[in-house]
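User: I am new to reading protein models. Could you take me through this one by question and answer?

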Amino acid sequence: MLEMDIMDQEDFLTLKLSLTPGHDREGKRKRTGIPSLPHEIPDEGKIFALLQTRETMLKMDHNKRSNGGEGLHLIHSLLVAAASVNENHAASALENLAQLYRSVSLRGDSVQRVAAYFADTLLAHLLTRKSPFYDAIMKGPSPEEEFLAFTALYKVSPFYQFSHFTANQAIIEAFEREGGRALHVLDFDVSYGFQWPSLMQSLSENATATNIISLKLTAFGRNMEEIQETESRLVSFAKGFPNLVFEFHGHVQGSKNAKVRTRKNETIAINLVFHLTSLKTPSKISKTLSYVYSLNPSIVVLVEHEGKCTSNKFLPRFMESVHQFAAIFDSLDDCLPLESDERLSIERDHLGREIRSVINYDREDSESCPRFEKMETWNGRMERRGFVGVEQSCRAVMQAKLLLKIRSHCCPIKYGENGGFRVFERENGKAISLGWQDRILITASSWCSAV
């Protein structure tokens with residue numbers, strides 16, 4: 001994988017300052033407290049020419065690959081363009097982006113691909129939402145395209161399966177410890193429901209025709225249509241297990257009419273998989289954790305993207321996001337060949353959408369930006385709300401490692417027996433992380449109420 005860590009925060013600051021003639025470090029100190037320069041309006045003719053260059057890139061169907069040196073130069077050019085956008089230097093930003101669009105490709109290698117999507121975010125950031133060209137750049141996938149892309153990634157990569165299997169293992173073990181026959185899972189972001197068929201299967205294996213297990217899923221989703229489709233999918237799957245009674249109760253996230261009803265003697269499990277980050281503001285995260293604690297759950301499973309994408313400032317946020325997504329794009333080499341149309345769909349309709357949401361958040365509301373934070377930050381939040389960490393079992397660790405053996409198959413010579421994916425045991429066994437080579441991508445942990 002491209003070693004982008006050669007350019008650290010100090011290098012990036014130097015890069016930013018070098019774009020302003022006569023601007024040295026002493027000058028930077030003198031500017032402290034001075035309002036930023038007014039936004040430079042991009043020339044519409046140059047914008048149109050840039051969009052034509054971009055359109056040519058989108059139509060290209062070549063197999064040109066960058067070597068290591070070219071990849072580093074491409075990332076450097078991306079960061080130079082980001083610095084120009086941040087300083088509102090529209091002319092130099094447009095020139096840098098034009099050079100980028102002539103070098104990147106949606107069908108090139110992983111560096112060229114990820115750079116293409118980040119170039120689009122820079123162009124959108126430069127245009128602002130009022131521009132007539134903004135919507136063309138930021139156009140997202142249809143719900144069907146988004147579903148197909150997520151499904152494809154789920155099948156070929158351990159990225160989401162690691163999260164779901166690790167969470168389900170913790171839920172099963174908490175249920176077994178209590179020895180009950182009724183499990184109530186509250187999923188705060190059910191999405192398409194792909195996590196739950198494997199849990200149903202595991203529960204069914206421990207049930208009999210005369211000793212039936214009950215599974216109640218209280219699920220929160222983005223909209224009622226998606227919730228209903230997920231319910232239909234899961235109810236249909238549950239019919240294959242006659243020794244399992246399945247209930248589904250769906251609610252739209254944020255609905256004031258949502259009422260969670262619990263029953264006596266049921267094991268309550270809270271599923272926080274990629275949910276807390278979506279809340280965006282610390283106050284909403286804190287409020288959610290307080291509510292979770294009030295339910296007195298037997299187990300809380302927390303899975304989040306891990307990173308250092310915490311700053312509201314554009315440059316460090318952009319740089320960290322490039323690191324994060326470059327690793328994810330690179331990891332697809334271990335799952336699908338470059339010429340795969342399925343891979344193009346994953347990158348365009350799922351990862352590309354996530355890149356846009358991370359970089360082009362509402363700049364009028366700086367607290368609304370998504371944050372990919374480090375494990376230690378999440379641990380602190382959980383502990384302050386009264387939760388204590390639960391050690392991950394040997395079964396959970398073995399399951400995660402087995403998953404990598406099954407899912408890593410495309411580049412055994414390049415990446416070795418387990419590909420570039422790796423499992424890391426952390427926090428004295430209380431957390432498991434999925435990484436691509438040496439970069440942590442996802443961390444899973446389990447928690448219970450401190451009594």
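Predicted model: local features only at pLDDT ≥ 70, side-chain atom pairs only at ≥ 80, totals over all residues.

Analyst: Residues are numbered from 1 along each chain as its sequence is written, and side-chain values use heavy atoms, with hydrogens and water left out.

User: How many helices and strands are there in the protein?

Analyst: Helices (H or I, at least four residues) and strands (E, at least two) are DSSP runs, numbered from the N terminus. On that basis the protein has 18 helices and nine strands.

User: What percentage of the residues in the protein is buried?

Analyst: Buried means under 20% relative accessible area, exposed over 50%, and partly exposed in between (1.4 Å probe, protein chains only). The protein has 451 residues, and the buried part is 55%.

User: What share of the contacts with a separation of 6 or more joins residues 24 or more positions apart?

Analyst: Contact means heavy atoms within 4.5 Å. Among contacts in the protein with a separation of 6 or more, the share from residues 24 or more positions apart is 78%.

User: How are α3 and α5 oriented to each other?

Analyst: Two packed helices are described by the angle between their axes and the distance between the axes. Axes are lines fitted to C-alpha atoms, for helices over the stretch in contact, and angles run from 0 to 180 degrees between N-to-C directions. The axes of α3 (residues 44–59) and α5 (residues 90–101) come within 9 Å and cross at roughly 15 degrees. Angles under 35 degrees count as roughly parallel, over 145 as roughly antiparallel, 65 to 115 as roughly perpendicular and the rest as oblique, so α3 is, relative to α5, roughly parallel.

User: Which classes of residue make up the contact of α3 with α5?

Analyst: From α3 come Lys46, Ile47, Leu50, Thr53, Arg54 and Met57, which meet Leu94, Leu97, Ala98 and Tyr101 in α5. Ala, Val, Leu, Ile, Met, Phe, Trp, Tyr, Cys and Pro count as nonpolar, Asp, Glu, Lys and Arg as charged, and the others, Gly among them, as polar. The contact of α3 with α5 therefore divides into seven nonpolar, one polar and two charged residues.

User: How are α6 and α15 oriented to each other?

Analyst: Helix α6 covers residues 110–127 and helix α15 covers residues 341–359; their axes come within 10 Å and cross at roughly 40 degrees. Residues in the contact include Tyr117 and Phe118 of α6, and Leu344 and Ile355 of α15. By class, the contact of α6 with α15 has six nonpolar, four polar and five charged residues. The orientation of α6 and α15 is therefore oblique.

User: In which hand does α9 pass α10?

Analyst: α9 and α10 pack at an angle of about 30 degrees, with axes 10 Å apart. A crossing is left-handed if the near helix is turned anticlockwise from the far one by less than a right angle, and right-handed if clockwise. The crossing of α9 and α10 is right-handed.

User: What distance separates the end C-alpha atoms of α8?

Analyst: The expected span of a helix is 1.5 Å times one less than its number of residues. Helix α8 (residues 143–156) has 14 residues and should span 20 Å, which agrees with the distance between its end C-alpha atoms, 20 Å.

User: Which helices are among those covering the buried residues of α8?

Analyst: The buried residues of α8 include Glu146, Phe150, Leu153 and Tyr154. What covers the buried residues of α8 includes α9 (158–178), α15 and α17 (394–407).

User: Is threonine 230 buried or exposed?

Analyst: Threonine 230 is found in helix α11 (residues 224–238). Not counting residues up to four places away in sequence, threonine 230 touches Val190, Ser191, Tyr192, Gly193 and Phe248. With a relative accessible area of 0%, threonine 230 is buried.

User: What is the phi of serine 191?

Analyst: Most residues other than glycine have a negative phi, and most peptide bonds are trans. Serine 191 lies in the loop between β1 (182–187) and α10 (196–205), and at 21% relative accessibility it counts as partly exposed. Although serine 191 is not a glycine, its phi is positive, about 55 degrees.

User: Where is phenylalanine 274 found?

Analyst: Phenylalanine 274 has a positive phi of about 55 degrees although it is not a glycine. Phenylalanine 274 is buried, with a relative accessible area of 15%. Its place is the loop between β4 (267–273) and α12 (276–279).
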